[in-house]
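Me: Please take a close look at one part of this model, a single open space and the residues around it. After that, I would like to hear about the surroundings too.

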Amino acid sequence: MKWMFGVLAMAFPLFMNAQEKVVPLKYGDMDQWITRKIHESGIIGGDTKLLYEVGPVKELDGNTPYVNQGGSPWGNSNVMAKVMGIVKTNTSVYPEQREGGYCARLETHIESVKVLGVVNITVLASGSLFLGDMKEPITGTKEGEKALNMGVRFNSRPKAIRYDYKVKMSGEPNRIRQTGFSRKSTVPGQDCAIMTCLLQKRTEDAEGNIIAKRIGTAVIRYQQTEGWRNKATYDIHYGDISHTSYYDAELMKLGVGNYHARNSKGESVLIQENGWADADETPTHLILQFTSSLGGAFVGSPGNTLWVDNVCLVY
């Protein structure tokens with residue numbers, strides 16, 4: 001009889017794995033990238049800079065606003081800006097070779113542009129990779145969040161999110177805020193990298209406001225340097241989790257991220273996430289974001305880096 005229990009004990013994990021369904025996100029293996037050649041304005045040096053987008057392998061040459069290619073659901077913080085007529089770029093997300101393919105490397109760094117008598121901007125830029133898209137060109141430091149169209153249409157109920165990752169922390173005890181036009185200031189608290197996965201049920205009212213109820217939540221912060229961890233899997237928790245032991249108000253509260261999306265009129269509006277949905281509700285949208293720093297736009301620690309690969313949903 002004992003041998004029978006032994007066989008069942010060995011077979012049980014195999015049975016459980018057989019029930020698991022893993023669905024890779026489109027282009028989520030990070031093996032295909034678009035390279036954009038952007039020619040910055042002559043007044044700031046006229047350099048040709050490279051921006052990278054997750055999508056079908058190709059090269060785009062010219063200062064043309066980017067629109068997601070090949071059905072790719074991914075946007076990122078690499079942007080072409082045109083401020084006061086000056087074309088400038090920011091690159092904080094890169095393809096990096098890994099195991100015969102590629103992964104995504106997200107970096108926090110300082111970006112600056114100085115033109116005597118015209119413009120003098122120094123900003124902190126974190127690396128961000130997300131489901132959605134970015135409207136270019138960016139026309140000012142106050143327009144960054146409104147340029148984001150965060151989230152994609154989605155109506156299934158995965159039990160978890162899975163991906164490979166690696167993290168490098170800057171080692172600084174505090175973060176900085178550098179917005180471009182104000183002095184650099186200190187933001188208390190160590191920086192960290194973040195993964196945010198939210199399932200929402202969205203509606204739009206007659207005025208074009210986007211209202212959302214939160215259905216599912218999975219948010220992870222990385223605070224220590226780590227080597228590659230493959231197939232890291234995080235449960236998606238459904239319903240109101242605000243009274244659970246794993247609830248992290250700073251990262252999981254309703255309205256976290258001040259995310260924007262485009263409504264049916266094509267206008268960028270704040271997603272008004274104003275309540276928790278029942279745990280058995282079906283979502284309309286999925287928000288998924290990886291970012292190398294905590295604190296929103298212009299806040300972080302230069303040197304913070306997050307690598308991401310093989311992003312999947314588990315059912």
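Reply: A pocket here is an open set of points on a 1 Å grid over the protein atoms alone, where a 1.4 Å probe fits with protein on both sides within 12 Å along at least five of seven lines, and lining residues have an atom within 4 Å of a point. Please keep in mind that this is a predicted model, in which local features need pLDDT of at least 70 and side-chain atom pairs pLDDT 80 or more, while totals for chains, interfaces and linings use all residues. Residues are numbered from 1 along each chain as its sequence is written, and side-chain values use heavy atoms, with hydrogens and water left out.

Strand 19 provides the largest share of this lining, with 3 residues. Strands (E, at least two residues) and helices (H or I, at least four) are DSSP runs numbered from the N terminus. By class, the second largest pocket is lined by 3 nonpolar, 6 polar and 4 charged residues. In this count Ala, Val, Leu, Ile, Met, Phe, Trp, Tyr, Cys and Pro are nonpolar, Asp, Glu, Lys and Arg charged, and the others, Gly among them, polar.

For context, the largest pocket contains about 1300 Å³ of space. It has 47 lining residues, with S126, E145, G296, A297 and F298 nearest its centre. Strand 11 (residues 119-125) contributes the most to that lining, 5 residues. The classes there are 23 nonpolar, 19 polar and 5 charged.

The largest nonpolar core has 37 residues, and W74, L288, F290 and V311 make the most contacts inside it. Such a core joins buried Ala, Val, Leu, Ile, Met, Phe, Trp, Tyr and Cys residues through side-chain atoms within 4.5 Å. Take F290: beyond its neighbours within four places in sequence, F290 is in contact (heavy atoms within 4.5 Å) with W74, L106, G127, S128, L129, Y163, I194, M195, L306, V308 and V311. A separate core of 24 residues lies apart from the largest one, with A147, M150, A261 and V269 among its members. In soluble globular proteins, nonpolar side chains tend to be buried together.

F290 also belongs to an aromatic cluster, together with Y163, Y165, Y222 and Y234. The structure has 6 aromatic pairs. In one of them, the ring centres of Y163 and Y234 are 5.7 Å apart and the planes are at 40 degrees, so the pair is tilted. This pair joins distant parts of the chain, since Y163 sits in strand 15 (residues 160-168) and Y234 in strand 21 (residues 226-235), 71 residues apart. Phe, Tyr and Trp (six-membered) rings pair if their centres lie within 6.5 Å, and planes under 30 degrees apart are stacked, over 60 edge-to-face and the rest tilted. Y163 is buried at 1% relative accessibility, and Y234 is buried at 11%. Buried means under 20% relative accessible area, exposed over 50%, and partly exposed in between (1.4 Å probe, protein chains only).

I194, one of the contacts of F290, also touches L251. L251 is in helix 3 (residues 249-252) and is buried, with 6% relative accessible area. Setting aside residues up to four places away, L251 touches I194, V219, R221, V256 and L294. L251 and L294 are 43 residues apart in sequence, with C-alpha atoms 9.3 Å apart.

Some loops deserve a look as well. S301 lies between strand 26 (299-300) and strand 27 (305-314) and is buried, at 1% relative accessible area. Outside four places in sequence, S301 touches T108, L124, S170, E172, N174, R175, D191 and S293. Y27 is in the loop between strand 1 (22-24) and strand 2 (33-39), and M30 is found in the loop between strand 1 and strand 2 as well. Y27 is not a glycine, but has a positive phi of about 60 degrees. M30, also a residue other than glycine, has a positive phi near 60 degrees. Y27 is buried at 14% relative accessibility, and M30 is buried at 0%. Finally, the peptide bond from E136 to P137 is cis, with omega near -5 degrees. P137 is in the loop between strand 12 (128-134) and helix 2 (144-147).

How values were computed:
Points joined across faces, edges and corners; volume = space filled by probe spheres on them.
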